[in-house]
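Please look over the sequence and the structure shown below before reading on. The briefing that follows is meant for a reader who is meeting them for the first time.

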Amino acid sequence: MRKNSETSEIKTFSMVFPGKKQDESSFINEVVAATKVEAYNVSPSTEDLLRDLYDLIRTQEEPLDP
C-alpha cells in the first residue's frame with residue numbers, strides 16, 4: 001500500500017491475547033513500528049463472542065468450518 005501512496009492512511013486490526021501462548025503482540029508491534037500504520041488491537045472475551053455470535057453467522061452467510 002505504501003508503494004501506491006506513501007502518505008496514505010493505513011489502519012490495521014489485530015486480535016491479541018495478553019499473557020496467553022497465542023499472543024503475537026510483539027510481532028504486531030514490530031510491524032507497526034516499521035510501517036507506521038494506525039494499529040487497533042482487540043482482546044475478545046467469551047462474553048464478546050456470545051454477544052456477537054448471531055451477527056457473525058448472519059454476516060458470514062455460509063457455514064463455519066469447525
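## Briefing

Not counting residues up to four places away in sequence, Asn41 touches Ser14, Val16 and Ile28, where contact means heavy atoms within 4.5 Å. This is a predicted model, in which local features need pLDDT of at least 70 and side-chain atom pairs count only at pLDDT 80 or more, while totals for chains, interfaces and linings use all residues. Residues are numbered from 1 along each chain as its sequence is written, and side-chain values use heavy atoms, with hydrogens and water left out.

**Fold and overall form**

- The chain has 2 helices and 2 strands, and these follow the pattern β-α-β-α when read along the sequence; helices (H or I, at least four residues) and strands (E, at least two) are DSSP runs, numbered from the N terminus.
- The radius of gyration of the chain is 16 Å, whereas a compact globule of 66 residues would have a value near 11 Å; the radius is taken over C-alpha atoms, and the globule rule is 2.2 Å times the number of residues to the power 0.38.
- Along its principal axes, the C-alpha trace of the chain spans about 40 × 30 × 20 Å.
- Of the contacts between residues at least 6 apart in sequence, 63% join residues that are at least 24 apart.

**Surface and charge**

- Of the 66 residues in the chain, 9% count as buried, a term that means under 20% relative accessible area, with exposed meaning over 50% and partly exposed lying in between (1.4 Å probe, protein chains only).
- The accessible surface of the chain comes to about 6,200 Å², and 56% of this belongs to carbon and sulfur atoms; such areas come from the Shrake-Rupley method with a 1.4 Å probe, and for residues only the protein chains shown count as cover.
- The chain has 8 positive and 13 negative charges, and their mean positions are 5 Å apart; Lys and Arg count as positive and Asp and Glu as negative, while His and the chain ends are not counted, and the place of a charge is NZ of Lys, CZ of Arg, CG of Asp or CD of Glu.

- Ser14 is found in strand β1, which covers residues 11-15, and Ser14 counts as buried because its relative accessibility is 18%.
- Leaving aside neighbours within four places in sequence, Ser14 is in contact with Ile28, Tyr40, Asn41 and Val42.
- Asn41 lies in strand β2, residues 38-42, and Asn41 counts as partly exposed because its relative accessibility is 42%.
- Although Asn41 and Arg51 are 10 residues apart in sequence, their C-alpha atoms are 19 Å apart in space.

**The helices and the segments beside them**

- Ala33 has its place in helix α1 and is partly exposed, with a relative accessible area of 47%.
- The C-alpha atoms of Ala33 and Lys11 are separated by 13 Å, and these two residues are 22 apart along the chain.
- Lys36, in the loop between α1 (25-35) and β2, has a positive phi near 55° in a residue other than glycine, and Lys36 counts as exposed because its relative accessibility is 64%.
- Helix α2 (residues 46-60) has a kink of about 55° centred on Asp52, where the bend at a residue is the angle between axes fitted to the seven residues ending there and the seven starting there.
- Just after α2, Glu61 takes a positive phi of about 55° although Glu61 is not a glycine, and this residue counts as exposed because its relative accessibility is 72%.
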